[in-house]
Amino acid sequence: MHRLIAPLLLVILVLAGWGARADGIDDAYDALSASALTISPASFDSVRHGVEQLAVSGDPRAAVVIGALHDGMLYANDDHALFVQQPDGTYVDARTGAAAPDVTDDDVKAVRVNNAVRGAIDGALGILQLFSPDSPVRLEAASAVFTSHDPAALPALDKALAKETDPAVKRRIEQARAAALLSAPDASQADRLAAVATLRDRGDQDARSLLSALAGQTGPVADAASAAVVSIDRVLQIWSIAESVYYGISLGSVLLLAAAGLAITFGVMGVINMAHGEMVMIGAYVTFVVQQLMHAYLPSLYGISLLIAVPMAFLVSGLIGVAVERSLIRWLYGRPLETLLATWGLSLVLQQVVRSLFGANNRDVDTPGWMSGAYQLGGLTLTWNRMYIILFAFLVVAALMAALRYTPLGLRMRAVTQNRRMAAAMGIRTPWIDALTFGLGSGVAGIAGVALSQIDNVSPNLGQGYIIDSFMVVVFGGVGNLWGTTLGALTLGIVNKFLEPIAGAVLAKIVVLVLLILFVQRNPRGMFPLKGRAVEA
Amino acid sequence: MKLDRTSSITIVAVIGLSLILAFLNQMTDVASAAHVPTYVIALAGKYLCFAMLALAVDLVWGFAGILSLGHAAFFALGGYAMGMYLMRQIGTRGVYGNAMLPDFMVFLGWKELPWYWHGFEWFGFAMLMAVLVPATLAGVFGWLAFRSRVTGVYLSIITQALTYALLLAFFRNDMGFGGNNGLTDFKDIVGFNVQADSTRSALLVISALLLCAQFLLARFVVDSRFGKILIAVRDTESRTRFLGYRPESYKLVVWILSAVMAGIGGALYVPQVGIINPSEFAPGNSIEAVIWVAVGGRGTLVGAILGAILVNFGKTWFTGALPEIWLYALGAMFIFVTLFLPRGVMGLFRARQAKEPEPEAPAVAAAHEVTG
């Protein structure tokens, strides 16, 4: 065997050497065919050069040919003529695009690629996309070139820059060109300084890593680069603070949603409702059911199923709340510790009911199209669903405040909490107001469930994750005070998010809990205690 | 100290039944009808440890009016102290055969034993820690809470936050307590094989003896002058303060005592179940301990022991026979007991004895006064 292989290798090597010499001509197309005929390092090199040349040649057929090579559809015959196989199996001439009806499968061999060639193809396709008619594609391509910052792309970038009309794409191409220039060994100092300035203006993490690679060297370019790194760091730090604030507000709005209902049942009525989390969970399941029903019966309105789920969740959780108040809680007024135990029992029962009805697994609740996606604000990525939840949380709290302040029911609720006997003497049916107040708090919890179904797993345990946090928010903010609850939720969210990069997510939560425990020791009535005689219970 | 009849019956029953179970396990043939299998011994031992936790909860809730929703934290801390001792006893018999480091530390690539693990190779030190660590935590927490007059529901909620924070902390691998998996795979306790039937029986009897000792101690505390003031604090804290007592000091002492009792329960629990992991800190566990007391009868001590054993027996039976039903049953029990049986099972027994004080009555009146 070995005796046979050695001469065979010799033949291949000789052929390859010949192939490389023959392909040393300028014509990229000839270069491309090398690996179809012989397989050797030299032939692959030749193909790679061919791809690179073709990419910057500006040839209108370049994209088709390189695309065909990428898809394994590029073939060559023994005369180095290239053909592209069409989806129907026929061939066209690669250079002209003219049909070649007399070429058959037997006449041609596939142009082979190795990893180096594949890399070149990807780079080439990226460069070619710089000339695409769609501006998003061009933007994408410019970003890809920026990431690869391959000096070989410089001619193409120059050409693309001259043609570009869209200012955003133009800026991106300039940045890509600057990145490539910095990697080019033979660029002039003026060019490099200009490139540093361009990257400095870009001011993100990618630009920083490119510049910091330069900053270690000596010379004016390096000095400019290290100055730019400092300036970018400052900008990045501001964005990272802004990001922490945004994530904090986002977490705070989730806490606020979970706690808003509790601010009514616990804050206003003084009922320790440990089943509050389960009201949230029921709201999330209502969302699931509404989506399933809409999917089955009203597919045309599926997009707004969340909007329909909001009032439905309010009604379902609210009605359950009224039923719970009438059957359980009204027997336990004035016995807070017993209420706590009974409602904990209730929460176990509700969880098990939902588990029996829907199963223990997570249920999928879809995010509608208008809630997915993100908005780029400078260095911040604002996802739409988080934005909507923040907005929704504030709407819910505003609606709740308005309901308490401006509706007749709200008036009666306030009257009953302030002075039950006097309210009763004025003809208010206090037991019903109790039931409705509890229903309102539970209904708001249900609404929270609709929002949480978008960011959390809809499972029977959904509510348990929020119950301790919600109580903490209400106690922290000051019982019976919706403003306090709002501010408390946002403070906790932001503090948590600022601690996270320092301490890690779990430790941050522990630190926040410990801080809260200490805070409650100092201020047992929260940030905004109610003044007056009713406080000292 | 003179014992009433119920207390004497309880002590005789707990010790007697444990001895009988241990005897039937050790002295009878496996095939014989009278033989008690070892899993029953372990189960009974577990119930007795839970009874210690219930006793601890009853001492603070029933007599000082502090509803702790985080008592399982003290229980688990005691358990971890025992678990650390048992881990060090494994020695080179672990999967990785490291004489110094427990398996999970080798797995995490740790090179040295963390400083807080030193000393736990000695049984005495570990047991001291099983008492001291819960006592210290309770001391710091209680000192802060009672001094600033955090009472009632607020206190309940922050005790819950405390155990929740510990739960999260012990889940972390970096803490050096085995993270999610906790401590397990124990081999020896003071030279005896943890898995052996004889060790199990001995542990059961020891649990029974310690439970009775704790019961007597609690009985002594609540019957003393100190206990009378505690009850006064429970019923009307402000009035007691106006009479010149310092409620926070009384509460702090009984709170620390209760944490120590829970810690001892936890330390005995671990060798009998063979594992300790962070889920013992789950807030649900602490609340379950409260329901044992509520079922048995709050403020009776005997009721706490009875309730812990009854509810846990029910749980074992339900989760075996009708697992779907268990949460319904537990939840319904919470609701039923609070609505219809405010004095628990012991309330049924003692309905005839009029001398029994009404645990909640004055506080209820005061609360009505305020809420109008």
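Author: Two strands are said to pair if DSSP finds at least two bridges between them. With that term in hand, we may read this structure, which is a predicted model.

Reader: Which strands form the open sheet of chain A, and in what order do they stand?

Author: The sheet has four strands, in the order β3-β2-β1-β4 of chain A, and their pairing is antiparallel. The strands at the edges are β3 (91–93) and β4 (109–110) of chain A. Each of these has a single partner strand, so one side of each is left without a neighbour in the sheet.

Reader: How many bridges join β2(A) and β3(A)?

Author: Three bridges join β2(A) and β3(A), in the antiparallel sense. Within this pair, A:Q85 stands opposite A:Y91 of β3(A). The hairpin of β2(A) and β3(A) has five residues between the strands, and A:G89 takes a positive phi near 95° there.

Reader: Which residue takes a positive phi in the hairpin of β1(A) and β2(A)?

Author: In that hairpin, the residue with a positive phi is A:H80, with a value near 65°. Five residues lie between the strands of this hairpin. The strands themselves, β1(A) and β2 (residues 82–85) of chain A, are antiparallel and are paired over three bridges. Across this pair, A:F83 of β2(A) stands opposite A:Y75.

Reader: What is the bridge partner of A:Y75 in β4(A)?

Author: In β4(A), the partner is A:A110. Here β1 (residues 74–76) of chain A pairs with β4(A) over two bridges, in the antiparallel sense.

Reader: At what angle do the axes of α12 and α13 of chain B cross?

Author: The axes of α12 (residues 302–321) and α13 (residues 323–340) of chain B cross at roughly 145° and come within 6 Å. The crossing of α12(B) and α13(B) is right-handed. From α12(B), the contact draws on B:K315, B:F318 and B:T319. From α13(B), it draws on B:P323, B:I325, B:W326 and B:A329. Their classes are five nonpolar, one polar and one charged.

Reader: How many helices and strands are there in chain B?

Author: Chain B has 15 helices and four strands. Its radius of gyration is 21 Å, close to the 21 Å that the globule rule gives for 372 residues, so chain B is as compact as a globular protein of that length. The C-alpha trace of chain B spans about 65 × 50 × 45 Å along its principal axes.

Reader: Finally, how many residues of chain A are in contact with chain B?

Author: There are 41 such residues in chain A, in contact with 44 residues of chain B. On the side of chain A that touches chain B, the elements giving two or more residues are α15 (336–358), α18 (420–425), α20 (464–477) and α22 (505–522) of chain A. The largest share, 14 residues, comes from α15(A). By class, this side of chain A has 27 nonpolar, eight polar and six charged residues.

Methods: Residues numbered from 1 in each chain as written. Chains lettered and ligands numbered in written order. Predicted model: local features only at pLDDT ≥ 70, side-chain atom pairs only at ≥ 80, totals over all residues. Contact = placed C-beta atoms within 7 Å. Nonpolar A, V, L, I, M, F, W, Y, C, P; charged D, E, K, R; others polar. Axes fitted to C-alpha atoms, helices over the stretch in contact; angles between N-to-C directions. Left-handed = near helix turned anticlockwise from the far one by under 90°. Rg over C-alpha atoms; globule rule 2.2 N^0.38 Å.
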